[in-house]
Amino acid sequence: MKLRASMFRKESRYSHFREDFPYRDDKNWLSFVILQKDGDKMGVRKWNIPKEWIPESLSSLTYEKRYTVRFPGEAEYFKKHGAGQLDIGVKI
């Protein structure tokens with residue numbers, strides 16, 4: 001179940017790290033991953049955290065200030081894809 005949820009999430013977050021997505025993506029993945037039985041299979045979906053649950057003080061921070069601890073390869077990813085990528089899509 002954990003592997004299925006991990007492969008569904010296209011980012012790194014907390015103890016979940018992916019080499020192909022070595023950064024956090026709040027715009028698309030500030031969500032819960034929900035696993036549930038779907039007949040004989042496992043269904044996977046995401047449930048976005050409601051904006052009213054997110055403190056205003058957090059939503060005004062840039063990516064670098066919000067996340068001070070870096071994942072392995074995160075800085076290199078942003079260097080390769082441009083410094084502007086740090087704030088694209090991460091404002092809440």
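Modeller: Happy to! Arg 13 and Glu 11 are both buried (buried means under 20% relative accessible area, exposed over 50% and partly exposed in between, with a 1.4 Å probe and protein chains only). Their side chains meet in a salt bridge, 2.6 Å from N to O; the term asks for a side-chain nitrogen of Lys or Arg within 4 Å of a carboxyl oxygen of Asp or Glu. This is a predicted model, where local features need pLDDT of at least 70, side-chain atom pairs count only at pLDDT 80 or more, and totals for chains, interfaces and linings use all residues. Residues are numbered from 1 along each chain as its sequence is written, and side-chain values use heavy atoms, leaving out hydrogens and water.

Glu 11 also forms a salt bridge with Arg 9, at 2.7 Å from N to O, and Arg 9 is buried, as is Glu 11. Another salt bridge joins the side chains of Glu 74 and Arg 24, at 3.4 Å from N to O. Glu 74 belongs to helix 5, while Arg 24 lies in the loop between helix 1 and helix 2, so this pair ties together parts 50 residues apart in sequence. Helices are DSSP runs (H or I, at least four residues), as are strands (E, at least two), numbered from the N terminus. Both Glu 74 and Arg 24 are buried.

Back to Glu 11: through shared partners, salt bridges connect Arg 9, Glu 11, Arg 13, Asp 26 and Arg 66 in one network. Across the whole structure, the search finds 7 salt bridges.
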